[in-house]
Amino acid sequence: MGGNREKEAQQRLHRWRGASAGAPPSSSSLPPSPLCIAAPLLLLLLCSSLARVALSEIIFEERFLDGWKSRWVVSDWKKSEGKAGTFKHTAGKWPGDHDDKGVQTTKDATHSAMSAKLPEFSNKDRTLVLQYSIKFEQDIEYGGGYIKLLSGFVNQKKFGGDTPYSLMPDATYSILVDNRERDSGSMYTDWDILPPRKIKDVKAKKPADWDDREYIEDPNEVKPEGYDSIPAEIPDPKAKEPDNWDEEQDGLWKPPKVPNPAFKGPWKRKKIKNPNYKGKWKIPWIDNPEFEDDPDLYVMKPIKYVGIEVWQVKAGSIFDNILICDDPEYAKQVVEEVFANREIEKEAFEEAEKVRKAQEEEEARRAREEGERRRRERGHDRRYRDRYRDRYRRHDRRDYLDDYHDEL
């Protein structure tokens, strides 16, 4: 992507291309919550609008080529608290193309923010695509990163987490990671932006003839003759009268009772499918009299800025290939272009991992040898100390007293 890449990107920036933004009709706007960065390489958020348009436009495309600093303003947000981060222009540790650079967060446990001014645009009657790539060269810990679209005037030197923003308003949306759809839906059904189209009829009651019994007793089944006369217990046929049983004193001997295997309990008819079963009755839905459709619900205030706002415990994320347009097909082409370097980057990473592991193994070997050397030295010192211990042992005071008394 080097060489004429910058010139090509600048030409694409204002190029109009014939295309269709076909999409299912509906409209709405996303709630004011940020889009958390979760994609390992690329995230695409696609919103589809009401109508088809004859032409498609690349509103903003940033590859962070030469001159990118003239388009972006790094914010002083959190600077007074000593918590402001910085961005470094780099291709990363394992680049597929050394000229393919992005902006990387560099300071741990800081807030980093930057923004660029856009040619003002509206998302009315058009598909809106926001796309960017991100590479994580660090171990991910707690934090948050957001791509934001901003309306109205923004003091870019003060842009930060509290700056009002709108992100991807429209009727239907699709979220793609690495060009594969991971989520999609409709603003009408996924968020309570408008009153629901349908509500449950609270006045409805289950009809008197509604049969919601799935199974019933078989009315044709008849109880077997003599069923009720079968006793639950019977005398134990294996029991015998004890030899020492005295009928005059103990009375008439009777065998103990045991459960009757022929007894089946109270008689019940078998269950059969109910031919009149209508299913479980549910409260019906009716049109909501308070619902009033708004075909322009998805339309937001004209967008004037795009911003990157990040807070990370561990810095090292590289943002690149930011694209705002209304042509999903062009966005997919950009993804494929970015992916062209993926295998090269993977090979560079794997080679760097081999070197790192070899270094770790070498350091571990040296540590083992050093530990063994020290153990040997400690063992030699102990043997030397034991050999001369008796020679330098302090005499017992009682030995001197014995000698003294002998002399007396």
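Helices (H or I, at least four residues) and strands (E, at least two) are here DSSP runs, numbered from the N terminus. In these terms, proline 242 lies in the loop between β14 (233-235) and α3 (247-250). The model described in this report is predicted.

**Overall composition**

The chain contains six helices and 19 strands. Of its 408 residues, 35% count as buried. The accessible surface of the chain comes to about 26700 Å², and carbon and sulfur atoms account for 50% of that area. Among the contacts in the chain between residues at least 6 apart in sequence, 83% join residues at least 24 apart.

**The sheet and the pairing of β9 with β18**

Four strands form an open sheet in the order β4-β7-β18-β9, with antiparallel pairing. Its edges are β4 (72-74) and β9, each of which pairs on one side only. On average, neighbouring strands of this sheet are turned by 15° against each other, direction ignored.

Strands β9 and β18 run antiparallel and are joined by nine bridges.

The cut-off behind both assignments is a relative accessible area under 20%.

A search of the whole structure finds 27 salt bridges. Three of them are listed below.

| Salt bridge | Distance, N to O |
|---|---|
| Arginine 356 and glutamate 353 | 2.8 Å |
| Glutamate 362 and arginine 365 | 2.4 Å |

Arginine 356 and glutamate 353 are three residues apart in helix α5 (residues 342-387), so about one helical turn separates them. Arginine 356 has a relative accessibility of 33% and therefore counts as partly exposed.

Glutamate 362 and arginine 365 are also placed three residues apart in helix α5, and about one helical turn lies between them. Glutamate 362 is partly exposed, with a relative accessible area of 28%. Arginine 365 is partly exposed as well, at 31%. Salt bridges that share partners extend this pair into one network of Glu362, Arg365, Arg366 and Glu369.

**Nonpolar cores**

The largest nonpolar core has 25 residues, and the members that touch the most others are Trp72, Val306, Ile308 and Ile324. Strands β3 (55-62), β7, β8 (128-136), β9, β18 and β19 (317-325) each supply at least two residues of this core.

Which residues is tryptophan 72 in contact with, leaving aside its neighbours within four places in sequence? The list comprises Phe60, Glu62, Phe64, Met114, Ser115, Ala116, Val306, Ile308 and Ile322. A second, separate core consists of eight residues, including Ile58, Leu323, Cys325 and Ala331.

**Loop residues**

Most residues other than glycine have a negative phi. Lysine 78, in the loop between β4 and β5 (87-90), has a phi near 70°. Its relative accessibility of 22% is the reason why lysine 78 counts as partly exposed. Alanine 109, in the loop between β6 (102-105) and β7 (110-121), has a phi near 55°. Alanine 109 is also partly exposed, at 48% relative accessibility.

Proline 242 and tryptophan 253 are eleven residues apart in sequence, and their C-alpha atoms are 8.9 Å apart in space.

Methods
Residues numbered from 1 in each chain as written. Predicted model: local features only at pLDDT ≥ 70, side-chain atom pairs only at ≥ 80, totals over all residues. Heavy atoms only, no water. Salt bridge = Lys/Arg side-chain N within 4 Å of Asp/Glu carboxyl O. Buried < 20%, exposed > 50% of the residue type's maximum accessible area, 1.4 Å probe, protein only. Pairing = 2+ DSSP bridges. Axes fitted to C-alpha atoms, helices over the stretch in contact; angles between N-to-C directions. Contact = heavy atoms within 4.5 Å. Areas by Shrake-Rupley, 256 points an atom, 1.4 Å probe, with all protein chains shown as cover. Core = buried A, V, L, I, M, F, W, Y, C linked by side-chain atoms within 4.5 Å.
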